[in-house]
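Subject: Structure handover

Hello,

Here is the structure I promised. My notes on the folds and packing follow below it.

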Amino acid sequence: MNISFVDTGPGEKGFFEMELNEHRIEFCDAAGDCAPDTQALSIFINSKIDAAFLAEHPALQLMATRSTTFDHIDLKACARRGVAVCTVGASYGDKTVPEHCFALILAICRKLRSAMDVGHSFNYEDLRAIELNGKTLGVVGTGRIGRQVLRLAKAFGMETLGCDSRRDPKAAATLGFRYVSFARMLRLADVISLHVPLTPSTFHLFNREAFAKCRRGLILINTARGPIIDSEALVDALDSGIVAGAGLDVLEDERVMRKKAANILTQQIIEHLQESFAPVEPLGNDPARISEVRSLMHNSKLVGHPNVIVTPHIAFNSQEAIARINRITVDNIHAFLSGAPRNLVGPRASRRKRKKTCT
């Protein structure tokens, strides 16, 4: 089988070559660089897969993303083409992501960003911390990762709340947390950590209306997906003091983590001028372009905000978690080749589930 891997490190390449040595393997910097005869493709979240990509790769049979989320893949287009899509599930990160969450929480509560910038003289009051003991932590999304966050919170002496459309009373009793509605969590929680996938119902879950209902001085943590939070609304909530601090491993537009927003905008303007051959309003009245520019600018403000800790989407990135991701990815490919695909998502997965139920 022809298998292409995108966005892999040097250490990972050796593992995949060894585990899949009976197949032809290629490593690419971008999905668009993959050979047209690729039959199986392993990507990360930076690769966007749509109908146009599928049309350019007619031999593709399997899309194995090395992530839990799959919103970077057009599942309907894959289903129409008969391409199976599988993920690595959530189990690979149920230790490393929660640990990163608390790294962000502690960095905010102990004012580490400000502390690292002080000189020889400083004001102790400006660097006065907040204790977690006795505070209330709310977790939105009580899957494997969310539950581990709730478990760790108990070690800090925190009260714990969970919010999920599918409640698990047994887990709540075992871990000692209480399920509440989203609105009630906003009123009660001192710290809220997000662990839900990006769906139409979670897009901008934290918007102006949600922030208006929050307990003043909230600490907000997001290691899930950037667009769950409305960046513009978060900037305003930070400036007004509704949100005392935010720990963000993800942003709506993560390009600002790699390049300054001003540089991105300059590049966009130049590209637009080159396309139009006329120095007219670079963004015109295109709502999508205007929205993109606004998002970039507000994400840039978040990165530079004194009460925000931003990490470049690395909550998953521990040695142990990467080893688990790579192992699951190889197992997913082997399972597909054996005729018993696993960790499927999308319409194809739904059909398999229905068939199993009928038998």
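First, a term: contact means heavy atoms within 4.5 Å. Helices (H or I, at least four residues) and strands (E, at least two) are DSSP runs, numbered from the N terminus.

On provenance: this is a predicted model, where local features need pLDDT of at least 70, side-chain atom pairs count only at pLDDT 80 or more, and totals for chains, interfaces and linings use all residues. Residues are numbered from 1 along each chain as its sequence is written, and side-chain values use heavy atoms, with hydrogens and water left out.

**Helix 4 against helix 6**

Helix 6 covers residues 144-155. On the helix 4 side, the residues in contact are Val97, Pro98, Glu99, Cys101 and Phe102. They meet Ile145, Gln148, Val149, Leu152 and Ala153 in helix 6. By class, this contact has eight nonpolar, one polar and one charged residues. Here Ala, Val, Leu, Ile, Met, Phe, Trp, Tyr, Cys and Pro count as nonpolar, Asp, Glu, Lys and Arg as charged, and the others, Gly among them, as polar.

The two helices pack at an angle of about 50°, with axes 8 Å apart. Axes are lines fitted to C-alpha atoms, for helices over the stretch in contact, and angles run from 0 to 180 degrees between N-to-C directions. Helix 4 and helix 6 are therefore oblique to each other. The classes are: under 35 degrees roughly parallel, over 145 roughly antiparallel, 65 to 115 roughly perpendicular, the rest oblique.

Two strands pair if DSSP finds at least two bridges between them.

Strand 6 (residues 136-140) and strand 7 (residues 159-163) run parallel, joined by five bridges. Leu137 stands opposite Thr160 in strand 7. Four of the five residues of strand 7 are buried, so strand 7 is largely enclosed by the rest of the structure. Buried means under 20% relative accessible area, exposed over 50%, partly exposed in between (1.4 Å probe, protein chains only).

Three bridges join strand 1 (residues 2-6) to strand 3 (residues 40-43). Ser4 has Leu41 as its bridge partner in strand 3.

**Backbone points to check**

Which non-glycine residue has a positive phi of about 65°? That is Asp7. Asp7 sits in the loop between strand 1 and helix 1 (10-19). Asp7 is partly exposed, at 37% relative accessible area.

Lys111 has a positive phi of about 55° and is not a glycine either. Its place is the loop between helix 4 and helix 5 (112-117). Lys111 is partly exposed, at 30% relative accessibility.

Best wishes
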